[in-house]
Amino acid sequence: MVLLDHIASGLIFSSIIVLGSIGLSLVYSIADFANFAHGDTMTVGAYTSFVAFGAVGGLGGAVLGLPLGFFVALLAGIVAAAVVAVVTERIVYDGLDVDSIGMLITSIGIAFVYRAVVQMWFGADPVRYDIQALRPIEWLLPYGVRVTEHDVAIVVSAAVLVTGLHVLLQYSDLGRKMRAMADNPELARVSGIRTDRIKLWTWVIGAGLAGSGGVFLGLFNLLTPRMGFDLLLLIFAAVILGGIGSVYGAMAGALLIGMIHELTPLLSQLGRVLPFVPESFGLPIGNQYGAAIAFVIMVVVLLFRPQGIAGEAV
Amino acid sequence: MDDIDRRTLLKLTGGVGLAGLAGCVSTTDEDDGGGNDGGDGTDGSDGGDGGDGGDGTDGGDDTPTETPGGGDGGSGPYEIGMVDSLTGSLSAFGERNQRGVELALETVNDVGVEGRDLDIVVEDSESESQGGVSAAQKLVNQDGVPFLIGSVGSGVSLAIYESVVQETDVVQLSQNSTGLGLTDFPGLLRMSPTGRTQSVALSNIIADDGYDTVAVTYVNNNYGQSLADAFVEAWDGDVAYNQPHDQDQQSYSGVVSEMNSSEADAWLFVTYQAEFATIVNEIFSSGYEAQLYGADSVSGSDVLENTPEGSMDGMKIVVPSAPVEEDNYQQFATRFEDAFDESPTSWSAYAYDCVITAALSIQAAEEFTGAALQETVRDVTRPEGEQVDSYEAAHEILADGGGVDDVDYQGVSGPIDFDENGDPVGFLQIQTVEDHEYVGTGFIES
């Protein structure tokens with residue numbers, strides 16, 4: 001019973017991390033640097049949709065407890081995150097002639113700028129989408145699972161977006177070019193692919209997904225200027241665990257990291273979950289160590305599989 | 001090339017992770033120092049500071065210390081410093097503080113301090129110890145302020161005291177820290193009463209409500225741990241759950257579900273507004289039913305605005321309160337409402353009184369140095385002397401040649417009256433959430 005509930009919250013949390021980690025991995029594979037501004041790109045998406053939702057309102061109708069206006073706002077958040085990322089890429093990253101470490105440090109600076117702008121605009125206090133908060137879904141309660149329709153919406157939307165990306169990567173011309181470029185940029189260029197344009201699309205898709213992740217993070221929790229940055233370390237853990245540069249690895253890594261993070265409370269109540277041990281048995285590890293445990297598991301996996309779950313052999 | 005990048009990236013990311021972990025470790029150490037008695041042993045050298053406190057009370061003997069060239073011969077404003085939480089998780093407090101400070105400066109500069117103005121240099125602590133210490137270093141070492149108001153978070157105030165102020169003559173007066181550990185540092189003054197009064201009051205209230213089992217969670221820092229420890233000490237019943245949670249997490253569902261598994265019906269929270277708002281949302285969306293209790297830091301408009309209507313009804317909170325029936329508080333409240341279109345909280349009143357106390361101690365001191373202010377800062381608010389409830393009246397007594405023992409300033413936040421540990425006398429109000437609003441339902445004195 002307890003286990004099911006924790007798995008459910010793990011799935012919800014993972015969905016948000018998946019949306020964040022795909023973009024990070026995509027940008028790494030094509031632009032070739034670790035973008036520390038990615039978390040704050042999520043924040044930008046979340047706050048944009050906050051403003052957009054305030055402007056368009058509910059628009060009547062509702063899907064999974066979410067008014068239709070929220071989906072319009074979601075779209076606005078995705079577009080804004082993509083636009084901000086592309087503009088940053090054009091103005092800053094593209095013109096920089098430094099190695100990947102220089103780019104990484106630059107992106108940390110960009111992250112501060114995004115966050116500062118958000119905070120100047122909205123203040124440091126948390127805000128919340130003006131959406132009726134929901135109680136848990138009744139018919140799931142007997143199974144000990146306490147999730148709301150909003151949580152279901154987060155998981156379903158993430159699944160739709162991820163499937164869409166999969167179709168795009170595998171079956172579209174753009175996807176083939178993106179994969180070609182991730183594999184070998186030089187070869188892609190000489191074989192006639194316009195790598196600049198592909199790079200641009202990569203930023204659009206990566207940042208757009210991050211924006212959607214930010215919107216759902218805001219729905220899951222509250223909106224604060226630090227929301228994306230606070231999640232970024234876990235997203236990095238997911239991407240590295242999955243094999244950096246691999247989109248499918250990032251998904252797997254995100255699922256694993258999110259699950260571990262949310263299953264940590266079980267450690268102190270193992271007796272309730274495991275058979276053949278006393279009810280009161282538990283490891284003295286509180287849930288505040290969730291992030292630490294996620295990182296320990298990341299390190300352990302990397303010790304045995306340095307390229308990550310889905311990464312190519314080094 | 002690609003391989004090198006990947007490896008370097010792993011190293012860097014690992015480094016960031018380590019830095020995060022290191023942060024956790026140092027926070028825990030600090031908690032121990034402040035919260036447990038064990039910390040006192042290592043702080044034995046502070047006995048000297050206790051002596052300084054004694055000197056403060058002897059200030060009435062009036063042995064003038066004539067240090068030539070005090071550097072205050074000019075006619076420009078007296079400059080003091082303030083470290084405040086302008087950003088970070090305590091920024092709501094910071095904003096209220098700044099409003100109190102603004103009003104206080106207006107009050108002081110209407111009358112003047114020895115014919116000069118008072119000026120406050122405000123630096124941001126980012127609500128973190130590190131930010132607070134560098135802000136204080138800038139104020140004390142670069143600006144050379146002899147009087148430092150700071151800070152909000154107890155861990156931050158203590159870090160500032162231990163790494164910047166302790167070895168100097170600078171007066172540090174915390175505006176909002178309620179952590180219990182600060183009592184062990186007599187040299188560190190504060191305007192808000194110690195949290196121990198809150199813990200004791202909460203244990204009495206919960207017991208009076210008929211609960212014998214309680215689940216407690218607290219924010220993983222000095223403030224949270226010391227209040228939770230004091231609560232457990234005061235509580236006679238069972239504690240079914242007692243765990244910390246970290247700040248700024250994106251999910252607290254683990255904490256909430258563990259509290260539910262503990263099967264206690266009374267849940268006590270010692271945390272901050274942003275964290276508590278998240279927790280309340282998770283309690284609501286998980287459909288848990290429990291009687292909620294909280295320390296003062298979990299109440300505020302951030303929580304009300306960001307939680308569903310009715311999700312906290314019946315919750316009880318104890319809040320250090322200003323003496324709201326007194327005239328001077330009501331005048332302060334009226335001015336505050338005129339200026340900012342909302343009622344003041346006691347946090348603004350504490351910051352207000354910090355500034356007034358600073359101004360009075362400067363007026364009463366022989367010269368504008370830390371050593372001289374140490375002699376006066378405690379006594380201008382203590383009994384013996386005429387009770388006055390405005391800066392103007394207190395200023396008049398001092399300007400007419402009165403000494404520190406001739407004036408007993410009664411603040412808008414309470415009588416102040418610093419004790420030998422640098423703690424003020426305090427009032428607490430019990431607030432109950434009714435129809436998603438905080439309603440005062442009684443007072444407790446300490």
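Which residue of β5(B) is the bridge partner of B:Q172? It's B:L188. Keep in mind as you look around that this is a predicted model.

**The sheet in chain B**

That bridge belongs to a bigger picture. Strand β4 of chain B, residues 171-174, pairs with β5(B) in the parallel sense, and the two share 3 bridges. Zoom out and you'll find an open sheet of 5 strands in chain B, with parallel pairing and the order β2-β1-β3-β4-β5. Who stands at the edges? That would be β2 (118-124) and β5 (188-190) of chain B. Each has a single partner strand, so one side of each is left without a neighbour in the sheet. Going from one strand to the next, the twist averages 25 degrees.

| Helix of chain B | Strands of chain B touched | Angle with the direction of β2(B) |
|---|---|---|
| α4 (residues 91-111) | β1 (78-84) and β2 | about 170 degrees |
| α5 (residues 129-142) | β1, β2 and β3 (147-149) | about 145 degrees |

So what does the table tell you to look for? Find β2(B), then follow α4(B), whose direction makes about 170 degrees with that of the strand. Next try α5(B), which touches β3(B) as well as β1(B) and β2(B).

**A helix pair in chain A**

Now hop over to chain A. Helix α10 (residues 247-263) packs against α12(A) at an angle of about 140 degrees, and their axes are 8 Å apart. What do we call that arrangement? The two helices α10(A) and α12(A) are oblique to each other. Their crossing is right-handed.

Which residues make the contact? From α10(A) come A:I257, A:I260 and A:H261, while α12(A) brings A:G290, A:A291, A:I293, A:A294 and A:I297. Sort the residues of this contact by class and you get 6 nonpolar, 2 polar and no charged.

**Where the chains touch**

How many residues does each chain put into the contact between A and B? Chain A gives 45 residues and chain B gives 41 residues. On the chain A side, the elements giving two or more residues are α1 (2-31), α4 (100-122), α9 (227-242) and α12 (290-304). By class, the side of chain A that touches chain B has 24 nonpolar, 12 polar and 9 charged residues.

Notes: Residues numbered from 1 in each chain as written. Chains lettered and ligands numbered in written order. Predicted model: local features only at pLDDT ≥ 70, side-chain atom pairs only at ≥ 80, totals over all residues. Contact = placed C-beta atoms within 7 Å. Helix = DSSP H or I, 4+ residues; strand = E, 2+ residues; numbered from the N terminus. Nonpolar A, V, L, I, M, F, W, Y, C, P; charged D, E, K, R; others polar. Pairing = 2+ DSSP bridges. Axes fitted to C-alpha atoms, helices over the stretch in contact; angles between N-to-C directions. Parallel < 35°, antiparallel > 145°, perpendicular 65-115°, else oblique. Left-handed = near helix turned anticlockwise from the far one by under 90°.
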